[in-house]
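These are my notebook entries on a structure that I went through element by element. The sequence and coordinates are shown first, and the entries follow.

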Amino acid sequence: MGVLNDVARAAKSIVKGHMVTLREIFKPPMTIRYPDEKPEQPKGSRGMPVLKVNAETGELNCTACGLCARSCPPGCIEVIEETDANGKRMRRPLAYNLDMGKCMVCNLCIEACPFDALEMAANFEISVYDPENLVFNKDQLATIWKNYDAVRIAGGEKL
Ligand code: SF4
Ligand code: SF4
């Protein structure tokens, strides 16, 4: 009797499994042939933080205040403010470097920026062989902002 019950249970689970296969087999595939086909990135996808360019002036919104760098848990942002010949602060970055090798895409830097200077770009294709190439400078970050969908996310809202 025990053996018959086991056989019945096994047969039932096999039929159940095949029913799932049958149901799914006629649906369109969810996989795509990456990299020939690209996945559609929903607006607000967290690819990497990038520097926003002011549409009117063409300059970065960044004032080099350094709040993003101080808010970044793994410390992957380096900001150096530009100064004039007299040492006066110019309120713009001489250098802005972001190490995507350390970035965990937490969005905290973007939340912290009071000048609407950072956005999260949907770009996720940043694989490299040399980890040193994962450090993006301000020009690269601005170029990615121009070329990819980017959105500011603050308080969980897309702004
Ligand atoms: S990106 Fe924003 S928070 Fe970071 S230095 Fe520039 S202005 Fe300050
Ligand atoms: S997303 Fe998070 S880990 Fe990446 S740079 Fe911003 S604060 Fe740092």
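I looked up Ile77 and found that its bridge partner in β3 is Leu98. Strands here are DSSP runs of E of at least two residues, and helices are runs of H or I of at least four, both numbered from the N terminus. The model is a predicted one, in which local features need pLDDT of at least 70, side-chain atom pairs count only at pLDDT 80 or more, and totals for chains, interfaces and linings use all residues. Residues are numbered from 1 along each chain as its sequence is written, while chains are lettered from A and ligands numbered from 1 in the order in which they are written.

I then followed the two strands: β2 (residues 77-83) and β3 (residues 89-99) pair in the antiparallel sense over six bridges. Two strands count as paired if DSSP finds at least two bridges between them. Their hairpin has five residues between the strands, and Gly87 there takes a positive phi near 85°.

Next I checked the open sheet of three strands, whose order is β1-β4-β6 with antiparallel pairing. β1 (48-51) and β6 (150-151) are the edge strands, each pairing on one side only. Helix α4 (residues 138-147) packs on this sheet and touches β1, β4 and β6. The direction of α4 makes about 100° with that of β1; axes are lines fitted to C-alpha atoms, for helices over the stretch in contact, and angles run from 0 to 180 degrees between N-to-C directions.

I listed the contacts of Leu51 (C-beta atoms, placed from the backbone, within 7 Å), leaving aside neighbours within four places in sequence. Among them are Leu60, Tyr96, Leu118, Leu141 and Trp145.

I turned to the ligands, taking a residue as near if its C-beta atom, placed from the backbone, lies within 6 Å. Ligand 1 has 13 residues around it, and Cys62, Cys65, Cys68, Cys113 and Ala117 come nearest. That shell divides into eleven nonpolar, two polar and no charged residues. Here Ala, Val, Leu, Ile, Met, Phe, Trp, Tyr, Cys and Pro count as nonpolar, Asp, Glu, Lys and Arg as charged, and the others, Gly among them, as polar. Ligand 2 is surrounded by 14 residues, the closest being Cys72, Cys103, Cys106, Leu108 and Cys109. Its shell holds twelve nonpolar, two polar and no charged residues.

Note on methods
Contact = placed C-beta atoms within 7 Å.
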